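Thanks, everyone, for making the time this morning. I would like to walk you through one structure, so please have the sequence and the model in view while I talk.

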Amino acid sequence: SVAVVHGRWPEARVLLLRRTPERGGFWQTVTGRLEPGESPVEAARREVAEETGLQLPVVDLAYRHAFALGDALPPKLVEEHGFAVHAAPDTQVRLGPEHDAFEWVDVLTALTRLPFRGLRETVIRALEAPRP
């Protein structure tokens, strides 16, 4: 996952994207999967561009966690890497087809809306990450 943020705590803002109804309709940060031969940082850059239209440096947060995907037994484990992108307050966002809305929100709102622990942890670490 990639947390796109601007500003520093406590005034920081976090970019949240809302998935389309057919994709769950929940709020999230930028997320995605590796394509063949792609490194996690390359995937993070590509996903940020595809989902937001932004071409900004990506900071590796050295945060990884695993979670089960779906209800299959045995469960399919997915490893997620955390990244940050630091954007200017006037950054223009252009959504890709996976999302139908975006909002720049305060940190508490972001942490409340994000449904998964890994996304929340990525936001917290992104706020503490050095700027590129």
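This is a predicted model: local features need pLDDT of at least 70, side-chain atom pairs count only at pLDDT 80 or more; totals for chains, interfaces and linings use all residues.

The buried residues of α1 are covered by elements that include β1, β2, β5 (76–86) and β6, where contact means heavy atoms within 4.5 Å, and where helices (H or I, at least four residues) and strands (E, at least two) are DSSP runs numbered from the N terminus. Residues are numbered from 1 along each chain as its sequence is written, and side-chain values use heavy atoms, with hydrogens and water left out.

Which residues of α1 are buried? They are Ala43, Ala44, Arg46, Glu47, Val48, Ala49, Glu51 and Thr52, buried being under 20% relative accessible area, exposed over 50%, and partly exposed in between, with a 1.4 Å probe and protein chains only. The helix itself covers residues 40–52, and its 13 residues should span 18 Å at 1.5 Å a residue, which agrees with the 18 Å between its end C-alpha atoms; the expected span is 1.5 Å times one less than the number of residues. Just after α1 comes Gly53, with a positive phi of about 80 degrees.

Because Arg46 and Glu50 are 4 residues apart in α1, about one helical turn separates them. Arg46 is buried, with a relative accessible area of 16%, whereas Glu50, at 38%, counts as partly exposed. Arg46 also forms a salt bridge with Glu47, with the closest N and O atoms 3.0 Å apart, and a network of salt bridges links Glu35, Glu38, Arg46, Glu47 and Glu50. Across the whole structure, a search finds 8 salt bridges.

Let me turn to the strands. β2 has 5 of its 7 residues buried, so the rest of the structure largely encloses this strand. β2 runs antiparallel to β6, joined by 7 bridges, and two strands are taken to pair if DSSP finds at least two bridges between them. Arg13 has Asp106 as its bridge partner in β6. β1 and β2 are also antiparallel, joined by 2 bridges, and they form a hairpin with 6 residues between them, in whose turn Gly7 has a positive phi of about 85 degrees. Val5 stands opposite Val14 in β2.

What, then, makes up the largest nonpolar core? It has 20 residues, and among those with the most contacts inside it are Val5, Val14, Leu61 and Ala126; a nonpolar core is a set of buried Ala, Val, Leu, Ile, Met, Phe, Trp, Tyr and Cys residues joined through side-chain atoms within 4.5 Å. β1 (2–6), β2 (13–19), β4 (59–69), β6 (99–106), α2 (107–113) and α3 (117–128) each supply at least two residues of this core, and α3 gives the largest share, 4 residues. Ala126, leaving aside its neighbours within four places in sequence, is in contact with Ala3, Val5, Leu61, Ala84, His86 and Arg131. There is also a second, separate core of 14 residues, which includes Val2, Leu17, Ala44 and Val93.

Key
A salt bridge is a side-chain nitrogen of Lys or Arg within 4 Å of a carboxyl oxygen of Asp or Glu.
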